[in-house]
Amino acid sequence: MSGAAITESKVLDALRSVMDPDLRRDIVSLNFVRNMKIEGGTVSFDVNLTTPACPVKDRLREQSRRAVLDHVPGVKDVLVNMTAEVRRPPAPETGRIRGVKNIIAVGSGKGGVGKSTVAANVAASLARSGATVGLLDADIYGPSIPIMMRSQDEPEIKDQVIQPVNAHGVKLMSMGYMSGEMPLIWRGPMAHKALQQSLLGVNWGELDYLVVDLPPGTGDVHLTLVQTVPVTGAVIVSTPQDVGLQISMKTLRMFQQTKVPLLGIIENMSYYICPHCGGRDEIFGHGGAALAAESLGVPFLGEIPLDPAIRKHSDAGLPVVLAEPESASARALAEAAGKVAQQVSIQAFRSIPLTIVEE
Ligand SMILES: Nc1ncnc2c1ncn2[C@@H]1O[C@H](COP(=O)(O)OP(=O)(O)OP(=O)(O)O)[C@@H](O)[C@H]1O
Ligand SMILES: [Mg+2]
């Protein structure tokens with residue numbers, strides 16, 4: 001044998017050059033590298049990311065492989081196994097739903113901009129990537145998630161705890177299930193109680209993400225949500241029309257005032273892809289949300305086309321990300337879901353003090 005032996009510390013040193021672009025720290029100081037094995041010239045290890053929906057997973061895998069191959073003498077082969085474990089944000093222990101790591105609120109100022117569509121597709125997409133996901137339809141006045149995520153089941157009560165419905169791999173609960181025949185009286189205190197019950201009285205089990213679809217505006221439901229549980233962050237859905245965006249700003253400020261971090265803005269119905277010629281038409285002059293996000297210093301999470309297929313699949317009860325995962329619209333929604341997950345990861349590391357940072 002010639003040359004010095006391959007050691008774990010040499011491999012770790014090489015891996016310190018691999019940075020997580022969102023957390024802006026290297027994967028070694030983030031403690032992402034696990035289960036290292038060195039057998040002859042072959043090095044294998046796990047890189048344990050903060051979400052299975054990580055958009056830069058493949059890039060990190062390749063960078064890790066190259067770093068070890070290029071910088072540790074004697075290495076012939078590198079096997080990188082990408083794993084993920086969703087972390088919790090540093091939030092107070094009180095008020096937490098046991099087992100639920102992150103709560104993501106989806107809101108908008110205006111009705112009909114596609115909040116429920118985005119919430120359902122983000123939830124389904126995160127679940128498809130391997131995360132455990134719940135979806136709570138908190139729209140007491142017009143619950144639509146049970147239609148978009150159609151399931152044969154109804155929630156059951158076992159030992160005085162509500163069991164959520166399983167819809168396409170997502171645990172689902174809707175205020176629609178609770179309001180039954182009397183939607184008009186779900187106001188004020190009743191709405192408040194119903195939402196609290198949906199959060200705390202449901203057996204959510206272990207969840208990486210609980211996505212909450214809010215009614216439009218900045219009403220009582222938002223306040224009840226933020227007062228009942230620690231919300232990891234909020235996603236604002238907006239359309240390119242200025243009016244929609246203006247009103248969304250109010251929602252944005254409301255979250256800021258209640259100290260809910262903003263995960264970012266998604267522009268929905270951003271542009272139109274002609275189903276006949278495939279041409280792209282920017283009917284409302286798209287891009288307003290991206291500009292608004294930039295000027296506010298809030299992440300921009302993506303733009304979703306106005307696509308009849310999105311509505312068709314929603315109406316049929318199966319979100320487009322599951323029904324036609326390879327379509328352009330599904331890819332745009334999945335990409336946005338990945339960005340949401342990235343921002344949630346950033347929240348989890350928000351107040352962890354920097355340890356060793358090596359550039
Ligand atoms: N990108 C899109 N392309 C085509 N249709 C869409 C798109 N997004 C949403 N829709 C359709 O627009 C309608 C309104 O969407 P959705 O119910 O998701 O909006 P909302 O903001 O939740 O509304 P509300 O304020 O009533 O809760 C639905 O019929 C939905 O299928
Ligand atoms: Mg809705």
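What follows is a short chat about this predicted model.

Me: Ground rules first: what is numbered from 1 along each chain?
Reply: Residues are, as the sequence is written, while chains are lettered from A and ligands numbered from 1 in the order in which they are written. In this predicted model, local features need pLDDT of at least 70, side-chain atom pairs count only at pLDDT 80 or more, and totals for chains, interfaces and linings use all residues, with side-chain values on heavy atoms, hydrogens and water left out.

Me: How many helices and strands does the chain have?
Reply: 12 helices and 17 strands. These are DSSP runs numbered from the N terminus: helices are H or I with at least four residues, strands E with at least two.

Me: And what share counts as buried?
Reply: 51% of the 359 residues. Buried is under 20% relative accessible area, exposed over 50%, partly exposed in between (1.4 Å probe, protein chains only).

Me: Why does Asp159 count as exposed?
Reply: Because its relative accessibility is 73%.

Me: What about phi of Lys259?
Reply: Near 65°, also positive and not a glycine. Lys259 lies in the loop between helix H8 (242-257) and strand E14 (262-267).

Me: Is Lys259 buried or exposed?
Reply: Exposed, because its relative accessibility is 72%.
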